Amino acid sequence: MSKKLEGKVALVTGASKGIGASIAKYLAAEGASVVVNYASSKEGADKVVAEIVKNGGKAVAVKANVSKKAEIDKLFLETKAAYGKLDVLVNNAGIFEFAPLEGVTEDHFHRQFDLNVLGLLLTTQKAVEHFGSDGGSIINISSVVAISPQPNASVYSATKGAVDAITKSLAKELGPKKIRVNSLNPGMIETEGVHTAGFIGTDFHKQIIAQTPLGRIGQPEDIGKVAVFLASSDSGWVTGETLMVSGGNR
Ligand code: NAP
């Protein structure tokens, strides 16, 4: 059977670790040439590229802070130089900072909104310029908090609510150009970011497992597999959707 993404080019933002790294590996395993974007972890991005190449795939690592327009422009120039076109954009780069209401500051707000929302929009704007006449697939990595916001996470939850609204708006706007836009909304996934945030082993972690019908938190692979579906023509009649990938937790 032929691979689902043979001949396609995919750009995955924030792919040096966690969910983005898994998505990059799964897309490459289905034949896509993948641009592995990172902000600071060159070593992590190089490791993802090396693993893809070792398994017979194609990938390059490109550094760019995707909350900054000038760096996004450079990222797309390098994507074009490497592979000449673009078919799939995965807007994965994102940060999560929890804080109670009294801890909300301008910096806390702007750090998250500048990357999770503004960066996602500016990256999408650029991708649309690069998609060909066959259109493309845009996958916005949102979260279950978009529909089930957590306490002490008003700003982060708001960024993901905004992501889902953008998905639905742009699906309508870009449909005539054959560009599909979907949200992939993970539940808690065991990533480097979740470890750094100190969630693993806490009451919050146990509470998430208890309220998850499938009885565990997710692994990055759980998301990579679903990204292949949304990137490929298997989901060719699917746009403007928000797909919860959370073991049934919401
Ligand atoms: P992670 O382990 O912290 O990894 C974050 C990735 O994003 C890294 O590759 C990082 O690159 C990159 N990144 C951060 N800031 C960036 C910037 N300004 N420009 C470009 N890349 C940047 O995160 P994760 O847990 O995999 O989360 C990935 C996405 O999934 C986020 O959008 C998050 O909101 C969403 N999500 C996560 C969970 C979860 O439980 N893990 C649940 C729902 C949704 P460097 O290492 O180079 O800085």
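1. N152 is located in the loop that runs between β5 (136–141) and α5 (154–174). This is a predicted model, and the backbone of N152 in it has a positive phi of about 65°, although the residue is not a glycine. The relative accessible area of N152 is 45%, so the residue is partly exposed; the cut-off for exposed is over 50%.

2. K178 belongs to the loop between α5 and β6 (179–186). With a relative accessibility of 52%, K178 counts as exposed.

3. N37 is part of strand β2, which covers residues 33–38. Is N37 buried or exposed? Its relative accessibility is 1%, so N37 counts as buried, the limit for that class being under 20%.

4. Which backbone atoms does the side chain of N37 reach? One is the backbone nitrogen of G14, at 3.0 Å. Another is the backbone oxygen of V62, which lies 3.2 Å from a polar side-chain atom of N37. A reader checking the side chain of N37 in the model can start with these two atoms, on G14 and on V62.

5. Setting aside neighbours within four places in sequence, N37 is in contact with residues including L11, V12, T13, G14, A15 and S16. The contacts of N37 also include V62, K63, A64 and V66, as well as L75.

6. N249 is found in the segment after β7 (242–245). At a relative accessibility of 6%, N249 counts as buried. When residues up to four places away in sequence are not counted, N249 touches V144, I208, Q211, T212 and P213.

7. Helix α1 (residues 18–29) meets helix α8 (residues 220–231), and their axes come within 8 Å and cross at roughly 50°. The two helices are therefore oblique to each other. α1 passes α8 in a right-handed crossing. On the α1 side the contact is made by G18, I19, S22, I23, Y26 and L27. On the α8 side the residues are P220, E221, I223, G224, K225, A227, V228 and A231. By class, the contact of α1 with α8 comprises nine nonpolar, three polar and two charged residues.

8. α1 also packs with helix α2 (residues 42–54); here the axes come within 10 Å and cross at roughly 20°. α1 and α2 are therefore roughly parallel to each other, as the angle is under 35 degrees. The crossing of α1 past α2 is right-handed. A21, A24, K25 and A28 of α1 make this contact with V48, E51 and I52 of α2. Five of the residues in the contact of α1 with α2 are nonpolar and two are charged, with no polar residue among them.

9. The buried asparagines described here are N37 and N249. For the helices, α1 lies oblique to α8 and roughly parallel to α2.

Terms used
Residues numbered from 1 in each chain as written. Predicted model: local features only at pLDDT ≥ 70, side-chain atom pairs only at ≥ 80, totals over all residues. Heavy atoms only, no water. Helix = DSSP H or I, 4+ residues; strand = E, 2+ residues; numbered from the N terminus. Buried < 20%, exposed > 50% of the residue type's maximum accessible area, 1.4 Å probe, protein only. Polar contact = N/O pair within 3.5 Å; in protein donor to acceptor, adjacent residues only side chain to side chain. Contact = heavy atoms within 4.5 Å. Axes fitted to C-alpha atoms, helices over the stretch in contact; angles between N-to-C directions. Parallel < 35°, antiparallel > 145°, perpendicular 65-115°, else oblique. Left-handed = near helix turned anticlockwise from the far one by under 90°. Nonpolar A, V, L, I, M, F, W, Y, C, P; charged D, E, K, R; others polar.
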